[in-house]
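Let's walk through the fold one selection at a time.

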Amino acid sequence: MHNLPIEDINDLIKRRFEELEELKSKGINPFAYQFEVDSDSETIKSNFESFENKVVKIAGRIMAIRRMGKASFAHIQDHNGRIQIYLKKDELGDIYDTFKLLDIGDIIGVVGFVFKTKTGEISVHTQKFELLAKGLRPIPIPKEVIDENGNKIIYDQFSDKELRYRQRYVDLIVNPDIKDVFIKRSKIISTIRSFLDSKNYLEVETPILQPLYGGAAARPFITHHNTLDIDLYLRIADELYLKRLIVGGFNGVYEISKDFRNEGMDRSHNPEFTMLELYVPYKDYNWMMGFVEDMFEYVCLKVFNTLEFEYENNKINFAKPWKRVSMVEIIQEKTGLNVIDASLEQLIDVAKKLHVDLSKLTSKAKAIDEIFSACVELDLIQPTFVIDYPIELSPLAKKHRTKNGVVERFEAYVVGKEICNAFSELNDPIDQRQRFEEQLKMKESGDEEAHQIDEDFLRALEYGMPPTAGLGIGIDRLTMILTNQPSIRDVIFFPQMKPEISKS
């Protein structure tokens, strides 16, 4: 990552350890306990008139050093940006010599007054400084060169995607602009939370370790509880527990949580991901579509002050109302096949023409889902509700009140990506048991993602659950789209990675 031979990097590390020992020999603690900070780079630079000649206490990581004998300049980087510091030997005395033992990457605290240099750069004139943490590994500092045409050329940039994901701490140091993506992510979540709280829906917590998995079509992670001597599953969804709380009488519950699915990894999938799930009694999926439009409008305007976004050269607009299309009708429009009436063999024939992996087509539900993915998803650029899914795809949704063979379900798609899923929730325990039994047959025929039969959930439904609208939103994908990031790994601090291969 440094574009240096391994032996050169080892020499740099060796030199830093030698500096560490020399610092210790001078009675300097290279790993301090605390430093009182009263300002930061952005505040000082944005309010120079208020700070000029004022003494400040700042701290940050050294990102550049320019030594000139009896004076030195350096840039330190804090959580808000960079600011220059100026050090003069005649004023600092012996402590100035300590600065010679510091490197790019070391973290220091500085006390000094704010001024402007002759070139007009806002800086801090150091009156004293303190080493707070000695960096024992060199950080990959990119070098900028302006060519004869005035173009900026960057060398030694820390740009290797795998290294950036694997060493996010280095990525954040060297590419501080990416912090904005994660700050936006945090604001998206907090804004969703404030919107839901304003509706008086209750934020709750449900089990991560579950004796049965359910609420989605997915393969779970399995673990073992030693004391009880039973296998448990990391939750794939919160749904069945949240609906138990609706049975218990809450007027709307939601959870923003980590879910886990033992599936492949690609640009849109990480095995550990963040979901919002919301359940509101006495509502249906029609109401929920309007609710989703309102919530997205609120979040977009609150966090980004716009409803218009660009994602991978696509201009998208979250203004309501969003387009609504029937899943059955749009597949028929693309393929000429009515999937409700079609047999599995007919679906497989269509799937072959679309070059779908036939090994996945273990059931009619799987075949419909794969055909939809192959011929419809990528065309859904603007926010679109795909509604009324075939019953085989939705074992937890109510049958449509007027249409045969489908359920009252929608998924919202933007730029070819599913970002939310919602139902008029199935509250008939007899119908639910039959659906679970159908899922069991699918599992026995090889579908690893089919639901289990959850007897306790069925018992809860037998006590009576009111008509309910349910919603799930993938926070990671939503953040990808709103911040124009190409991969889910770009919006997760620490995405799942293959084990690191030792170079020794």
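Which residue in β12 does L202 stand opposite? Select L202 and look across: the residue facing it in β12 is V253. Before moving on, note that this is a predicted model, in which local features need pLDDT of at least 70, side-chain atom pairs count only at pLDDT 80 or more, and totals for chains, interfaces and linings use all residues. Residues are numbered from 1 along each chain as its sequence is written, and side-chain values use heavy atoms, leaving out hydrogens and water.

**Stop 1: the sheet.** Select β8 together with strand β12 (residues 253-260): the two pair in the parallel sense over 2 bridges. Here, strands are DSSP runs of E with at least two residues, helices are runs of H or I with at least four, and both are numbered from the N terminus. Two strands count as paired if DSSP finds at least two bridges between them. Now widen the selection to the open sheet of 8 strands, ordered β8-β12-β13-β20-β19-β18-β17-β16 with mixed pairing. β8 (202-203) and β16 (323-326) are the edges; each has a single partner strand, so one side of each has no neighbour in the sheet.

Stop 2: Axes are lines fitted to C-alpha atoms, for helices over the stretch in contact, with angles from 0 to 180 degrees between N-to-C directions. Contact means heavy atoms within 4.5 Å.

Stop 3: Select helix α8 (residues 179-198) and helix α10 (residues 285-304), which pack at an angle of about 135 degrees with axes 9 Å apart. That angle makes α8 oblique to α10; oblique covers whatever is left after under 35 degrees (roughly parallel), over 145 (roughly antiparallel) and 65 to 115 (roughly perpendicular). Show side chains at the contact: among them are I188, I192 and F195 in α8, and F291, M295 and V299 in α10.

**Stop 4: a loop residue.** Jump to T117, in the loop between β4 (107-116) and β5 (122-133). Is T117 buried or exposed? At 15% relative accessibility, T117 counts as buried (buried is under 20% relative accessible area, exposed over 50%, partly exposed in between, with a 1.4 Å probe and protein chains only). Leaving aside neighbours within four places in sequence, T117 is in contact with F73, Q84 and S123.

**Stop 5: a covered helix.** Finish at helix α16 (residues 475-483), where 9 of its 9 residues are buried. Just after α16, N484 takes a positive phi of about 55 degrees.
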